[in-house]
Amino acid sequence: MQLNRDDLKEAYRRMCLIREFEDKVHDEFAAGNIPGFVHLYAGEEASAVGVCMHLEDRDAIASTHRGHGHCIAKGCDAEGMMSEIYGKKDGLCGGKGGSMHIADLSKGMLGANGIVGGGSPLICGAALTAKTLKTGGVAIAFLGDGASNQGTTLESYNLAKVWNLPAIFVVEDNGYAESTASAWSVAGTQTKRAEGFGMPGAEVDGHDFFAVWEVAREAIERARNGEGPSLIHVKLNRYYGHFEGDAITYKGEGEIDKIKATKDCLNLFKQRVIETSLLESDDLSEIETSVKSYIDQCAATATNGSTPTEADLMTDVYLKY
Amino acid sequence: MSVKSYRQAFNEAIRQEMERDERVIVMGEDISGGMGAPGEDDAWGGVLGVTKGLMPQFGRERVLDTPISESAFIGCAAGAAATGLRPVAELMFVDFMGVCFDQIFNQAAKFRYMFGGKAVTPLVIRTMYGAGFRAASQHSQCLYPLFTHIPGLKVALPSNAYEAKGLMTQAIRDDDPVVIFEHKAMYDEEMEVPDEAYGIPFGEANVTREGDDVTLVAFGRMVNLANEAADSLSASGITCTVVDPRTTSPLDTETILETVSETGRLVVIDEAHPRCNMATDISALVSQEIFSDLKAPVKMVTSPHCPVPFSPALEDLYIPSTAKIEAAVREVLGKGH
Ligand SMILES: Cc1ncc(C[n+]2csc(CCOP(=O)(O)OP(=O)(O)O)c2C)c(N)n1
Ligand SMILES: [Mg+2]
């Protein structure tokens with residue numbers, strides 16, 4: 001399987017969409033227009049997109065509190081997402097979930113998650129469904145370096161292996177869980193952990209879309225062929241704080257600026273496709289412009305949307321009660 | 001005495017107990033922060049800064065940052081408590097009890113009974129609860145009724161900074177497992193708090209107002225709302241007794257029954273969901289013990305039977321308000337009020 005011109009444009013479009021979305025949420029949050037907590041994915045785009053470019057609606061993903069990127073990469077409607085983050089009635093979850101609970105099951109997006117380590121067991125379930133119903137689907141848990149230390153995560157590795165499930169665990173290691181360095185909190189290594197459970201584990205540079213795309217291709221192919229689970233350790237960086245409002249005093253001097261200047265995943269993608277003449281710079285700037293205006297439109301829709309009312313409070317607790 | 005915030009009151013209680021007893025240790029995720037990171041030490045002091053400054057004073061041996069592994073470190077705190085330390089473990093948001101509840105309710109809570117009185121488990125779990133932060137369904141729950149249900153656990157809900165310091169100090173000195181519920185929306189609320197260490201005994205309610213018409217029993221942050229409602233009702237000549245039980249386990253049933261007997265009317269205010277919560281518990285107590293003293297049916301003001309919604313428009317409807325409390329009081333007083 002190779003990426004053709006349309007695939008490359010689509011990959012770039014999704015990565016830009018995530019970046020613009022997150023930058024917009026950052027600004028809007030700072031302006032006091034967004035309630036609650038938001039955790040932004042900017043800087044990590046190549047991971048979600050590199051993996052999700054291989055997926056269809058029948059494939060499931062589970063996400064984290066830092067979920068906007070996974071949602072967009074898996075095809076969730078950005079306008080509905082933005083409205084959700086603003087707490088509006090037209091939001092993807094009717095304004096009931098907010099940033100940390102965006103989901104669209106029709107797209108195979110099983111939800112962002114407020115509970116660190118909540119996603120991996122669910123992905124075993126989605127993988128079991130795919131296996132039992134022979135849908136040909138795979139299920140992918142995105143989880144952070146911090147989440148990799150939860151019992152639920154390690155139990156899921158074991159379960160996925162002993163049941164030979166079409167599950168993939170994508171450990172997005174951005175170096176920190178809140179203010180705590182993964183270099184301190186993670187004993188052993190992610191790939192050795194995979195090895196310990198008898199599943200293939202690969203480490204990849206998460207700033208490089210093409211590298212992520214390639215290891216994801218291999219893992220997904222194995223899962224689709226009935227060869228069981230895999231783990232991918234994606235090393236990357238987040239550009240903003242743990243949540244919006246975090247002063248980021250725990251990072252090193254200039255740490256983020258250096259990554260932005262040398263390893264930004266969008267820039268690396270751009271360089272690569274232009275150097276190799278896979279795309280022209282006009283193709284890319286066209287995408288950038290259209291994404292920008294689309295995100296402005298998303299924010300306008302969200303701002304002007306109506307808020308839920310008392311009639312909405314008690315709906316959707318049950319189907320029938 | 002000096003003015004302290006709810007946040008500072010907890011911090012000071014823990015600090016003074018750590019100074020007094022070197023077996024007191026603190027652990028939790030980002031409880032100090034910046035562990036293994038190149039930047040500032042003690043970068044966070046907990047997500048909302050409650051434990052800031054403890055690590056620089058007491059060192060990393062007594063202020064332990066943990067990986068995100070609640071089963072392991074909450075269980076570890078229980079084990080350490082049963083073997084000679086006095087751990088104060090932070091379960092960041094009470095919603096995360098789902099990850100580690102076995103270690104709390106099957107292990108720590110039951111050691112003493114199961115082992116025939118041989119175990120002593122001076123464990124304190126600090127945790128944040130409550131809605132109002134736009135933090136949605138998995139970061140806003142109350143859940144203290146679930147802990148109150150478990151024999152072997154003590155449960156405290158400080159309703160202001162004075163209570164926070166006294167109940168926290170008491171919890172650390174107590175030899176049984178105690179869960180302290182800190183309302184996340186109250187950390188910046190300030191009042192005069194003594195500088196020296198003091199404990200507030202568990203199971204002794206605080207009567208914050210005395211009145212003739214209705215008794216309001218409220219928990220945690222709801223005590224403030226009950227006081228506000230009582231103040232505003234007094235303008236229309238309605239006087240209320242307000243009871244803050246301080247701890248749901250043990251529960252000061254005596255003060256509750258006495259004050260309800262006096263007024264003959266009860267409104268219970270509980271931020272938890274309406275089924276099997278503190279409000280139903282108190283209602284059952286009162287109807288069982290002093291039914292004949294009641295002049296009107298008991299009224300409960302709680303949040304509804306739905307998860308905490310994200311949208312501010314819905315969350316504001318979800319949380320009990322002073323308006324709802326006032327309406328309930330007028331309702332139990334009947335026509336003309
Ligand atoms: C069970 C549980 N414990 C703790 C938290 C609080 N918390 C939210 S995000 C986070 C850090 C997660 O780090 P990581 O998994 O590396 O993801 P990242 O934020 O870096 O994307 C913590 C501790 C939580 N939400 N759920
Ligand atoms: Mg991380």
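The C-alpha centres of domain 1 and domain 2 of chain B lie 27 Å apart. Domain 1 of chain B covers 2–193 and domain 2 covers 206–333; such bounds come from an automatic or database domain assignment. Contact joins 24 residues of domain 1 of chain B to 23 residues of domain 2 of chain B. Two residues are in contact if their C-beta atoms, placed from the backbone, lie within 7 Å. On the domain 1 side, helix 6 (144–148), strand 6 (154–156), helix 7 (161–173) and strand 7 (178–183) of chain B each supply at least two residues. Helices (H or I, at least four residues) and strands (E, at least two) are DSSP runs, numbered from the N terminus. That side of domain 1 of chain B holds 13 nonpolar, eight polar and three charged residues. Here Ala, Val, Leu, Ile, Met, Phe, Trp, Tyr, Cys and Pro count as nonpolar, Asp, Glu, Lys and Arg as charged, and the others, Gly among them, as polar.

This is a predicted model: local features need pLDDT of at least 70, side-chain atom pairs count only at pLDDT 80 or more, and totals for chains, interfaces and linings use all residues. Residues are numbered from 1 along each chain as its sequence is written, while chains are lettered from A and ligands numbered from 1 in the order in which they are written. Chain B averages a pLDDT of 98, and 100% of its residues score at least 70; pLDDT is the predictor's confidence in each residue, from 0 to 100. The complex has an ipTM of 0.95 and a pTM of 0.97 from the predictor.

Five strands of chain B make an open sheet with mixed pairing, in the order 9-11-10-13-14. Two strands pair if DSSP finds at least two bridges between them. Strand 9 (206–209) and strand 14 (299–302) of chain B are the edges; each has a single partner strand, so one side of each lacks a neighbour in the sheet. Strand 9 and strand 11 (residues 240–244) of chain B run antiparallel, joined by three bridges. In strand 11 of chain B, B:Val242 stands opposite B:Arg209.

**Sheet in chain A**

Chain A has an open sheet of five strands, ordered 1-2-3-7-6, with parallel pairing. Its edge strands are strand 1 (60–62) and strand 6 (201–205) of chain A. Strand 3 (residues 167–173) and strand 7 (residues 230–235) of chain A share six bridges in the parallel sense. A:Phe169 has A:Leu231 as its bridge partner in strand 7 of chain A.

**Helices across the sheets**

Axes are lines fitted to C-alpha atoms, for helices over the stretch in contact, and angles run from 0 to 180 degrees between N-to-C directions.

| Helix | Reference strand | Angle |
|---|---|---|
| Helix 9 (residues 209–224) of chain A | strand 7 of chain A | about 170° |
| Helix 8 (residues 222–234) of chain B | strand 11 of chain B | about 170° |
| Helix 12 (residues 322–333) of chain B | strand 14 of chain B | about 170° |

**Chain contact and ligand**

The contact between the chains takes 39 residues from chain A and 38 residues from chain B. The chain A side divides into 16 nonpolar, 18 polar and five charged residues. Ligand 1 lies between chains A and B. Its shell counts 23 residues, the closest being A:Val116, A:Gly144, A:Gly146, A:Ala147 and A:Ala177. A residue is near a molecule if its C-beta atom, placed from the backbone, lies within 6 Å of it. The shell around ligand 1 splits into nine nonpolar, nine polar and five charged residues.
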